[in-house]
Amino acid sequence: MLHRCLSSLGAWVLGDDPRQRRHLGRFLISACVYAFSLAAQAYVTVWDGFVWLDAVQGYIAAVALAIVGFYVLLRSSLSLRLSDPALTVPQMAFAIVALAGAYLINPPVRGMLLMIVALVLVYGAFALTPQNCRRLGAFSVLALGTAMATGALLAPERFPPRIEALHFLFSLVVLSSIGLLAGQLSRLRFDLRAQKAELRQALDRIRHLATRDDLTGLPNRRHAQQ
């Protein structure tokens, strides 16, 4: 009974299409990371008196609404009509922008946010093209750099310019490297896929040659024995 209920719940949440279930499964993993990040930021509002924390509630509501929107697009199969049915690039770009915004409005947790940005880029190695991996790496550096510069200009007491300069240098080196490595891993993934297709074609060709007469193309004795 419990197994049947869990199966029904899984079908309701993830759908029946195998490709859709795969996309939604990955999305739910990222949604759990979102939930953890938002919970940590909400907790910070309890003990930190930073004036910008008044914006955290609106930020949490906006991110939660976007997460629901992505889920509806994936669950309703509307995304299957797009060139990127998993919405990987939009999701990752949104995650980077959201994390950059959180870095700016919630400075006590900015160390945690930098690690999550790195996690977002690593995910791209398993889902994006090499070019998109490199582009998102550069985009993450740009987004975080903008947030760091804005914080240092508007609230230098909470974002010391020297510390933010070190953070930016760290982000530039690490995130750019992760973007490049993710692109290389993505290239290996595409190469392995191409090699697998070539091996399948070669096996089909060998099977055809082994069971057909070279001159007439008719089934030979081996094919008849099989």
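**Figure 1. Residues lining the second largest pocket of the predicted model**. The lining consists of D84, T88, V89, A127, L128, T129, N132, R189, F190 and R193; a pocket is an open set of points on a 1 Å grid over the protein atoms alone, where a 1.4 Å probe fits, with protein on both sides within 12 Å along at least five of seven lines, and lining residues have an atom within 4 Å of a point. Two or more of these residues are given by each of α4 and α7 (161-211), helices being DSSP runs of H or I with at least four residues, numbered from the N terminus. The largest contribution, 3 residues, is that of α7.

**Figure 2. Volume and residue classes of the second largest pocket**. The space amounts to about 170 Å³, a volume being the space filled by probe spheres set on the points, which are joined across faces, edges and corners. The lining comprises 4 nonpolar, 3 polar and 3 charged residues; Ala, Val, Leu, Ile, Met, Phe, Trp, Tyr, Cys and Pro count as nonpolar, Asp, Glu, Lys and Arg as charged, and the others, Gly among them, as polar.

**Figure 3. The largest pocket and its lining**. This pocket has a volume of about 470 Å³. Of its 23 lining residues, S30, V33, Y34, V120 and Y123 lie nearest the centre. Elements giving two or more residues are α2 (18-47), α3 (56-75), α4 (88-105) and α5 (110-124), with the largest share, 10 residues, coming from α2. By class, 16 lining residues are nonpolar, 6 polar and 1 charged.

**Notes.** Residues are numbered from 1 along each chain as its sequence is written, and side-chain values use heavy atoms, without hydrogens and water. In this predicted model, local features need pLDDT of at least 70 and side-chain atom pairs count only at pLDDT 80 or more, whereas totals for chains, interfaces and linings use all residues.
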